[in-house]
Amino acid sequence: AFDAVVIFNALHHIPAKALDAALAETARVLKPGGHACIVEPLAEGPHFELAQPVDDETQVRAEAYRAVRAALKRGLFREEREETYVNPVPIESVEAFVERLVRIDPARKDAIARHEAELRSRFARLGREAPHSAMRCTTSRLASTSRGMNVASPSSAAISGLPSSASWMVYTSSSATALTTANSVDSPNSS
């Protein structure tokens, strides 16, 4: 059994029919009082809107969020905290953004070719000039009240500065949820 499980921007990639089972397995492998930190991108904000013509994840992101809420209702977890944060993503150019999309999923090439003009237009509209001075990006830590264990949300790492080539910033919104297993020490899951 594990003290903690982190699911970072991955839950929405699990087929919808398997989400409930994936979260049940997460609860099963945690020690009683163990912690889960689930971070999922939200279907909103400039980064989402920029990528939407190529890969619209509205439905899969909603299904992932629904599955987390359903796991809470079923008593698999106890919610400690949910926090929404905005993460700045430095991007050198629309070409760099396209290269990143293809690197993550090569199957996107055709959609990118079909929507190139729209991507360029959205990039010009949604991107913001990046600050040229050093930048720190922080957010609150998700903390367990039961054991004093801190689980850092993904943007709590400091960014000391941007790459010199990054002249644009696109912001992405994410939700970080800190959960504790609802099972007790006497639970069959406590092996």
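# A guided tour of the predicted model

Among contacts in the protein chain between residues at least 6 apart in sequence, 81% join residues at least 24 apart. The model to be explored here is predicted.

**The whole chain**

Begin with the entire protein chain in a cartoon display. Six helices and seven strands can be found in the protein chain. Followed along the sequence, these elements give the pattern β-α-β-α-α-β-α-α-α-β-β-β-β. If the display is then coloured by accessibility, buried residues account for 40% of the 191 residues in the protein chain.

**Stop 1: N9**

Select N9, which is found in the loop between strand 1 (2–8) and helix 1. What is the phi of N9? N9 has a positive phi of about 50°, although N9 is not a glycine. Most residues other than glycine have a negative phi. With a relative accessible area of 29%, N9 is partly exposed.

**Stop 2: helix 1 against helix 3**

Next, display helix 1 and helix 3 together. Two packed helices are described by the angle between their axes and the distance between the axes. For helix 1 and helix 3, the packing angle is about 50° and the axes are 9 Å apart. The crossing of helix 1 and helix 3 is right-handed.

Which residues make the contact between helix 1 and helix 3? Helix 1 contributes L19, D20 and L23, while helix 3 contributes E63, A64, R66, A67, V68, A70 and A71. Sorted by class, the contact of helix 1 with helix 3 has seven nonpolar, no polar and three charged residues.

**Stop 3: V68**

Remain on helix 3 and select V68, which lies in that helix. Is V68 buried or exposed? V68 has a relative accessible area of 5% and is buried, because the cut-off for a buried residue is under 20%. To see the surroundings of V68, show L11, L23, I38 and T177, with which V68 is in contact once its neighbours within four places in sequence are left aside. A distance may also be drawn from V68 to E79: the two residues are eleven apart along the chain, and their C-alpha atoms are separated by 9.8 Å.

**Stop 4: the salt bridges**

Now turn to the charged side chains. Side chains of opposite charge can pair when their charged atoms come close. How many salt bridges does the structure hold? The structure holds 14 salt bridges, and three of them are visited here, with the pair R74 and D20 as one.

Select R74 and D20, whose side chains meet in a salt bridge at 3.7 Å, N to O. This pair links distant parts of the chain, with R74 in the loop between helix 3 (58–73) and strand 3 (77–91) and D20 in helix 1 (residues 19–29), 54 residues apart. R74 counts as partly exposed at 43% relative accessibility, and D20 counts as partly exposed at 28%.

Move on to R61 and E57, a salt bridge in which the closest N and O atoms are 2.8 Å apart. Are R61 and E57 buried or exposed? Both residues, R61 and E57, are buried.

Then select R69 and E82, where the side chains form a salt bridge at 3.4 Å, N to O. R69 lies in helix 3 and E82 in strand 3, so this pair ties together parts that are 13 residues apart in sequence. R69 is partly exposed, with a relative accessible area of 28%, and E82 is likewise partly exposed, with 31%.

**Stop 5: helix 4 against helix 6**

Finally, display helix 4 (residues 94–104) and helix 6 (residues 116–126), whose axes come within 10 Å and cross at roughly 120°. This angle makes helix 4 oblique to helix 6. The crossing of helix 4 and helix 6 is right-handed.

By class, the contact of helix 4 with helix 6 comprises four nonpolar, no polar and two charged residues.

Key. Residues numbered from 1 in each chain as written. Predicted model: local features only at pLDDT ≥ 70, side-chain atom pairs only at ≥ 80, totals over all residues. Heavy atoms only, no water. Salt bridge = Lys/Arg side-chain N within 4 Å of Asp/Glu carboxyl O. Helix = DSSP H or I, 4+ residues; strand = E, 2+ residues; numbered from the N terminus. Buried < 20%, exposed > 50% of the residue type's maximum accessible area, 1.4 Å probe, protein only. Axes fitted to C-alpha atoms, helices over the stretch in contact; angles between N-to-C directions. Parallel < 35°, antiparallel > 145°, perpendicular 65-115°, else oblique. Left-handed = near helix turned anticlockwise from the far one by under 90°. Nonpolar A, V, L, I, M, F, W, Y, C, P; charged D, E, K, R; others polar. Contact = heavy atoms within 4.5 Å.
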